[in-house]
Amino acid sequence: MSEWTTAGSLWLAVIASGIYHGVNPGMGWPLAVSAGLLDRRASELFRALGLLAMGHFVAMIGILLPFGAMLTLIVWERQIRIAAGLIVIAAGIYLLINRRHPRVLARIPPAQLALWSFAAAIAHGAGLMLVPIYLGLCLAGEPDVGHQAAATLMTGNLITATAVSVVHAAAMIVSGGVIAIAVYRWLGPKFISQSWFNLDIVWAASLILVGGIGIASLGFA
């Protein structure tokens, strides 16, 4: 598989995970609908979506940057990627066993949507799902990476982390926003209660799958 194909597949995974997070009601689009309906203004819905996107972006980059910094320790690159995969798998197993939503989310006022979105993404392991993908992008196409200066590598990883977070958050808010606008404009609030879908089990299983793929891919590196 060529470097371009590998990188392209990883970027598609970033977008797909963003869409997956966006359609999940647990990531906040019903709150955007609520904001629009309460104020009877579509502008409030879009404002809420913007705040949700901001919080999600900060959570993503906050998770990815430390792993990117650790990759400057080239000699430990394989161990870091294995550890990252195991952390993601452990998070998935934990969420599979403990399906209760974190109480801290209920204590954040709805007006503080950016903070709520940040906390929800952290609590549900949304950022962790991106870690194996991000680490793969950091190393895809790196020529003789062991002979590069750590400062140069860190700059590249910072740019990659920012790009991954932006693309992912954009995909998340676009997919969630489409549903929110449809509910606000045409489907009505009854749609939320009548067709609510719970992705907790699928979410946890996805974390385990992504972590496993991240570790398995090392065998083909």
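Gly18 is buried, at 0% relative accessibility, where buried denotes under 20% relative accessible area, exposed over 50%, and partly exposed the range in between (1.4 Å probe, protein chains only). The structure is a predicted model, in which local features require pLDDT of at least 70 and side-chain atom pairs count only at pLDDT 80 or more, while totals for chains, interfaces and linings use all residues. Residues are numbered from 1 along each chain as its sequence is written, and side-chain values use heavy atoms, with hydrogens and water left out.

Gly18 lies in helix H1 (residues 3-23); helices are DSSP runs (H or I, at least four residues), numbered from the N terminus. Apart from neighbours within four places in sequence, Gly18 is in contact (heavy atoms within 4.5 Å) with His168, Ala171, Met172 and Ser175. The C-alpha atoms of Gly18 and Val167 are separated by 7.8 Å, although these residues are 149 residues apart along the chain.

In helix H2 (residues 29-39), the buried residues include Trp29, Pro30, Ala32, Val33, Ala35 and Gly36. After H2 comes Arg40, with a positive phi near 55 degrees.

Met54, Val58, Leu115, Phe118 and Ile122 form a nonpolar surface patch of about 410 Å². Helix H3 (42-70) and helix H6 (113-123) are the elements that give two or more residues to this patch, and H6 contributes the most, with 3 residues. Patch members have over 30% relative accessible area and no salt bridge, with nonpolar side chains (Val, Leu, Ile, Met, Phe, Trp, Tyr) joined within 5 Å and like charges within 9 Å. A salt bridge places a side-chain nitrogen of Lys or Arg within 4 Å of a carboxyl oxygen of Asp or Glu. Phe118, located in helix H6, is partly exposed, with a relative accessible area of 31%.

Terms used
Accessible areas come from the Shrake-Rupley method with a 1.4 Å probe; for residues, only the protein chains shown count as cover.
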